Amino acid sequence: RKEVEQDPGPFNVPEGATVAFNCTYSNSASQSFFWYRQDCRKEPKLLMSVYSSGNEDGRFTAQLNRASQYISLLIRDSKLSDSATYLCVVNRASWGKLQFGAGTQVVVTP
Amino acid sequence: DVKVTQSSRYLVKRTGEKVFLECVQDMDHENMFWYRQDPGLGLRLIYFSYDVKMKEKGDIPEGYSVSREKKERFSLILESASTNQTSMYLCASSLLEGSNYGYTFGSGTRLTVV
């Protein structure tokens, strides 16, 4: 089983709609969770950390479900510029290192 | 903002060549990492370093070596390039407790081995 698993998509979303997707992780001891955004042929960039109680950053909401070992990302009022691949990231059992999922592609259409 | 700079954006090398990929960060981060990214496989850790002259193997170290002589610089070396090393290579850096704060990536080097 992969340490971090994501639905690769693509999720095709009309502009203005809401899209949500999950990622599951295998290490029940994980403490740090992030969502990264990666545009085509660019480097990953930190979108937001994910906190235990859930958190929002503008139109983006992240949730953590420790019991079921998944995190989620919800994007409200989708913009064309939200088209990207979203990487789920979890800290590994080995100190200081992060494990990246393969990403979920989101395509926002006019 | 932390800046992580990779020396080349695109490289084309021949099979058997020795290849050096350079990475420099400007925020005094202790940790530095080399990943490769391939379609469908995501980011895979090649090597990382948590201090000068310190290095540890990641998940796929075979065919690679690294050098960290100065804190700000982390080099990835392909001893004898092969076509299966054609990939996007990403360097990243973080504070010592990087798993709490996330990583900052360089813009990547797209290496083609012919």
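The largest cavity of this predicted model is lined by Arg41(A) from chain A and by Arg9(B), Tyr10(B), Met88(B), Gly108(B) and Arg110(B) from chain B. By class, three of these lining residues are charged, two are nonpolar and one is polar. The space inside the largest cavity comes to about 40 Å³.

A search of the whole structure gives two cavities of 30 Å³ or more.

| Cavity | Volume | Lining residues by class |
|---|---|---|
| Largest cavity | about 40 Å³ | two nonpolar, one polar, three charged |
| Second largest cavity | about 30 Å³ | five nonpolar, one polar, three charged |

A separate site is Gln85(B), in the loop of chain B that runs between strand 8 (73-78) and strand 9 (87-94). Is Gln85(B) buried or exposed? Gln85(B) counts as buried because its relative accessibility is 4%, and buried means under 20%. Apart from neighbours within four places in sequence, Gln85(B) is in contact with Arg36(B), Glu62(B), Gly63(B), Tyr64(B), Leu78(B), Ser80(B), Leu111(B) and Val113(B). Among these contacts, Leu78(B) belongs to strand 8 (73-78), at one side of the loop that holds Gln85(B).

Note on methods. Residues are numbered from 1 along each chain as its sequence is written. Chains are lettered from A and ligands numbered from 1 in the order in which they are written. This is a predicted model: local features need pLDDT of at least 70, side-chain atom pairs count only at pLDDT 80 or more; totals for chains, interfaces and linings use all residues. Side-chain values use heavy atoms; hydrogens and water are left out. On a 1 Å grid over the protein atoms alone, a cavity is a set of points where a 1.4 Å probe fits but cannot get out, and a pocket is an open set with protein on both sides within 12 Å along at least five of seven lines; lining residues have an atom within 4 Å of a point. Grid points are joined across faces, edges and corners, and a volume is the space filled by probe spheres set on the points. Ala, Val, Leu, Ile, Met, Phe, Trp, Tyr, Cys and Pro count as nonpolar, Asp, Glu, Lys and Arg as charged, and the others, Gly among them, as polar. Helices (H or I, at least four residues) and strands (E, at least two) are DSSP runs, numbered from the N terminus. Buried means under 20% relative accessible area, exposed over 50%, partly exposed in between (1.4 Å probe, protein chains only). Contact means heavy atoms within 4.5 Å.
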